[in-house]
Amino acid sequence: MPFLASYRRLFSRKGSLAFTTAGFLARLPLSMYGISTVVMIATVRDSYALAGLVAGSGLLAAVLIVPFRSPPPRGPHH
C-alpha cells in the first residue's frame, strides 16, 4: 500500500511513535466528551435536539472558561 510508505517514513524517526501515541491518548477524553454526551442524553431522553443543545452548551462553556483558567504565556517571544 503506497499511502502507508509516508507514515512508515514519518514514524521511523526515533521517538515519533511514542510522541504521537501520547498526543492521541491525551486528546481522547476531549474528543469523546461531545460524542458521549450526545449518546447518553439521546438514549435517556430520546431527543437528539436536547442532546445537541447540551453538548453545544458544554462546548460553549469550555470556550468561555478555558482562556481564564490557562496560565499566561511566558518567554521572550510572548
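Threonine 37 touches Val54 and Ala55, leaving aside residues up to four places away in sequence. In this predicted model, threonine 37 lies in helix H2, which covers residues 16–45. Its relative accessibility is 9%, and because buried means under 20%, threonine 37 counts as buried.

**Packing of H2 against H3**

- Two packed helices are described by the angle between their axes and the distance between the axes.
- For H2 and helix H3 (residues 48–69), the angle is about 145° and the axes are 8 Å apart.
- The crossing of H2 and H3 is right-handed.
- H2 contributes Tyr33, Gly34, Thr37, Val38, Ile41, Ala42 and Arg45 to the contact, while H3 contributes Tyr48, Leu50, Ala51, Val54, Ala55 and Gly58.
- Sorted by class, the residues in the contact of H2 with H3 are 9 nonpolar, 3 polar and 1 charged.

**Overall fold and dimensions**

- The protein contains 3 helices and 0 strands, and its pattern along the sequence is α-α-α.
- The radius of gyration is 19 Å, well over the 12 Å that the globule rule gives for 78 residues, so the protein is more spread out than a compact globule.
- Along the principal axes, the C-alpha atoms fill a box of roughly 50 × 45 × 15 Å.

**Burial and surface**

- Of the 78 residues of the protein, 9% count as buried; threonine 37 is one of the residues that count as buried.
- The protein exposes about 7,100 Å², of which carbon and sulfur atoms supply 71%.

Methods: Residues numbered from 1 in each chain as written. Predicted model: local features only at pLDDT ≥ 70, side-chain atom pairs only at ≥ 80, totals over all residues. Heavy atoms only, no water. Helix = DSSP H or I, 4+ residues; strand = E, 2+ residues; numbered from the N terminus. Buried < 20%, exposed > 50% of the residue type's maximum accessible area, 1.4 Å probe, protein only. Contact = heavy atoms within 4.5 Å. Axes fitted to C-alpha atoms, helices over the stretch in contact; angles between N-to-C directions. Left-handed = near helix turned anticlockwise from the far one by under 90°. Nonpolar A, V, L, I, M, F, W, Y, C, P; charged D, E, K, R; others polar. Rg over C-alpha atoms; globule rule 2.2 N^0.38 Å. Areas by Shrake-Rupley, 256 points an atom, 1.4 Å probe, with all protein chains shown as cover.
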